[in-house]
Amino acid sequence: MRTRIFSMWILLGISSLALAAAKADETPREEPAPKREGGDAEERPHGADGAPSGDKSEVKEDGRQEADAPQGDDRETKARGDEAPVGGDLRQNAEIRPADEDAEERRDEDAETKGDATEASETGDDEPEADAEKAPSSESAPTAGEPSAAPARSLDEFVEGEIPEGARPISLSEAIELALRRHPRLGAAESEVRAAEARLKQSRAVYYPKVDIWLEALRASMNPSQAVYHSVPGLPRLGGSAPANVEPTGSYNQFLAAATVHQLLYDFGRTQGDVGAQKALVEAARMNRELISQSVIFEVTRAFYEVLRKRAELLVAQEGVRRSLRIYELARSGVDAGLRPPSESARAEADAARAELEEIQARAELDIARVQFANTLGGAPDAPYEPVGGLEFSLPAIDDEEAIHAALTHRPELRAFGFRETELKERVRSARGAHFPRLEAIFGMSSRGMFGNSGESLNHAANNWNVGVVMHVPVFQGMRVSAKVDELEAEIIALEANREVIHQAVLLEVKRILARVRSTEEAVRAAQKGLRAARVALDTTEGRYRSGLANIVEMTDAQSAYIRAVSDALSASYEQILAFARLRLAMGQLGANRAAAEAPIVE
């Protein structure tokens with residue numbers, strides 16, 4: 001029994017000691033007073049009013065009190081747990097928080113502070129509120145002389161640039177019309193068409209009569225008949241007996257005047273084959289001209305929008321320079337106020353220099369794009385032309401089957417293969433006709449005699465005429481005609497194989513471009529979405545930077561992301577227009593004479 005009572009007293013004692021220790025831990029400890037310089041000052045005697053005795057000691061003590069006042073303020077600031085003074089007047093209404101405030105409550109308040117600062121930056125507020133919960137905890141707030149915030153620009157503000165002095169604005173339709181009139185490639189293609197048409201006229205000339213006039217005057221001997229310079233086709237009688245009283249060894253003046261007519265009657269398809277072949281070559285030349293025309297239109301379209309793109313990229317680069325300089329001014333203001341490290345100013349200055357370099361490069365690329373555009377117009381004009389327009393584009397509905405059918409029907413290359421095959425078949429027909437006779441009609445009139453000789457009997461003339469039909473029958477030509485036919489038939493087989501290769505290439509090209517067109521449409525939507533997000537992020541980050549909640553790395557990253565998003569949006573719009581132009585080119589519907597093909601591209 002005594003043992004149990006003794007154990008209970010022991011447990012009670014231990015509990016009392018633990019309770020006392022817990023109460024001692026909960027009691028706040030007083031911090032020792034800070035030591036002052038010259039520790040013996042506190043041991044010096046004081047007067048009745050509590051001031052240290054002696055004039056020198058009083059002056060020295062007063063000096064200590066004045067020097068220690070800011071230290072007391074700093075300690076009070078640390079006890080509050082808030083930011084350092086910013087601008088000298090933003091902490092007047094700061095709320096002093098107890099030192100033992102719950103950590104979780106402090107984190108919630110910090111989250112509210114950041115949220116309020118973000119809302120202030122989005123609404124365009126350049127300065128934070130005076131409340132300690134909304135003021136930055138360790139960064140700088142905007143001070144006097146800082147540049148005002150500028151909201152990020154939308155894509156539409158970058159697509160319209162200033163036209164250089166002396167340049168003439170030109171739309172896409174006007175540029176295409178000008179290029180089709182003056183481009184040297186089209187001039188050469190047009191000359192090739194005219195040459196093919198001339199060859200067609202040459203082949204058709206065989207259908208018409210051939211009329212010739214022959215005149216001869218010569219002095220020759222007449223032993224034993226009159227002389228002629230050369231025989232005349234279509235005249236059966238050129239020679240004759242010498243007249244009386246003519247010296248066999250003498251020479252006399254003689255003449256011949258004749259007219260002949262030759263008309264082809266039938267040649268078993270030789271002429272028809274030649275004419276058919278030349279007709280096909282004319283159409284093939286026209287297809288080549290159409291192909292070059294579409295190529296020129298595509299090049300003009302690409303160069304036109306390339307100038308618009310580079311001009312917009314120059315505006316984007318200039319916007320990057322302005323924003324980089326604004327960030328540099330913000331960072332320099334913070335460094336001058338002692339609120340930011342000098343490295344932030346150096347980083348902002350380096351970013352501004354890089355932005356200026358990008359502007360120089362963008363300007364050079366714009367100059368190159370303008371030169372290329374002038375080249376696609378067919379040479380340097382009297383005054384430079386400057387494209388005007390936008391990158392807005394509405395993609396029409398496209399059916400795969402219709403696009404493939406249009407390509408196989410309208411592509412100039414495939415149509416040229418068809419005309420080339422027709423030309424070879426007509427040449428085979430003409431070559432086979434050489435196995436058969438050639439029938440033609442002839443007619444001739446002649447007058448011949450002597451003139452200017454001494455003696456009337458030596459000057460005379462004899463007139464004659466003739467008409468008839470001539471047939472030429474080839475018997476053996478050394479297998480030349482058969483070899484020519486074999487050559488042409490082999491060329492036809494090779495042409496069909498090449499056409500199949502082009503056919504498959506056209507199908508692949510159209511399908512690939514259709515996929516590209518659809519992907520560019522999705523890319524435009526994604527780029528626009530990214531641009532909106534980057535614009536909001538930039539405005540928010542700039543507001544947070546002004547409020548001291550973001551550093552220079554976040555600010556430059558947000559600006560780089562915004563500039564990159566604008567460039568991506570411009571590139572996506574450009575690629576969409578270019579992809580649709582390529583599709584029209586692949587479908588063979590980009591010709592100058594096809595308004596439907598030009599309408600979706602030309603504004």
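## Overview

Of the 603 residues in the protein, 38% are buried, where buried stands for under 20% relative accessible area, exposed for over 50%, and partly exposed for what lies in between (1.4 Å probe, protein chains only). The model is a predicted one, so local features need pLDDT of at least 70 and side-chain atom pairs count only at pLDDT 80 or more, while totals for chains, interfaces and linings use all residues. Residues are numbered from 1 along each chain as its sequence is written, and side-chain values use heavy atoms, with hydrogens and water left out.

Among contacts with a separation of 6 or more, 81% join residues 24 or more positions apart. Contact here means heavy atoms within 4.5 Å.

Let's start with H5, which covers residues 184-204. Its 21 residues reach 31 Å from the first C-alpha to the last, close to the 30 Å expected at 1.5 Å a residue; the expected span is 1.5 Å times one less than the number of residues. The buried residues of H5 are Leu-186, Ala-189, Val-193, Ala-196, Leu-200 and Ser-203. They lie on the same side of H5 because they cover an arc of only 95° around the axis, the arc being that of the directions from the helix axis to the C-beta atoms. Pro-184, Lys-201 and Gln-202 are exposed, on the face of H5 turned away from its buried side.

What do the buried residues of H5 pack against? Their partners are helix H4 (172-182) and helix H6 (270-336). H4 has buried residues too, namely Leu-172, Ala-175, Ile-176, Leu-178 and Ala-179. Their arc of only 165° around the axis puts them on the same side of H4.

## H6 and its helix partners

Two packed helices are described by the angle between their axes and the distance between the axes. In this model the axes are lines fitted to C-alpha atoms, for helices over the stretch in contact, and angles run from 0 to 180 degrees between N-to-C directions. The axes of H6 and helix H7 (residues 342-376) come within 8 Å and cross at roughly 165°. H6 and H7 are therefore roughly antiparallel to each other, since angles over 145 degrees count as roughly antiparallel, under 35 as roughly parallel, 65 to 115 as roughly perpendicular and the rest as oblique.

On the H6 side, Arg-323, Arg-326, Leu-330 and Ala-331 meet Leu-538, Glu-542, Tyr-545 and Arg-546 of H10.

The 67 residues of H10 should span 99 Å at 1.5 Å a residue, and its end C-alpha atoms are 93 Å apart, which agrees. Following H10 is Gly-548, whose phi is positive, near 85°.

Helix H11 (residues 552-586) contains Ala-558, which is buried at a relative accessible area of 11%. Which residues does Ala-558 contact, leaving aside its neighbours within four places in sequence? Those residues are Ala-537, Leu-538 and Thr-541. Ala-558 and Ala-537 are 21 residues apart in sequence, and their C-alpha atoms are 6.5 Å apart in space. Ser-573 is also in H11 and is buried, with a relative accessible area of 7%. Between Ser-573 and Tyr-305 the separation is 268 residues in sequence and 9.9 Å in space, C-alpha to C-alpha.

## Positive phi in two loops

Phe-268 is not a glycine, yet its phi is positive at about 60°. Phe-268 sits in the loop between strand E3 (251-266) and H6, where it is partly exposed with a relative accessible area of 36%.

Met-479 is likewise not a glycine, and has a positive phi of about 65°. The loop between strand E6 (460-472) and H10 holds Met-479. At 54% relative accessibility, Met-479 counts as exposed.

Definitions and conventions
Helix = DSSP H or I, 4+ residues; strand = E, 2+ residues; numbered from the N terminus.
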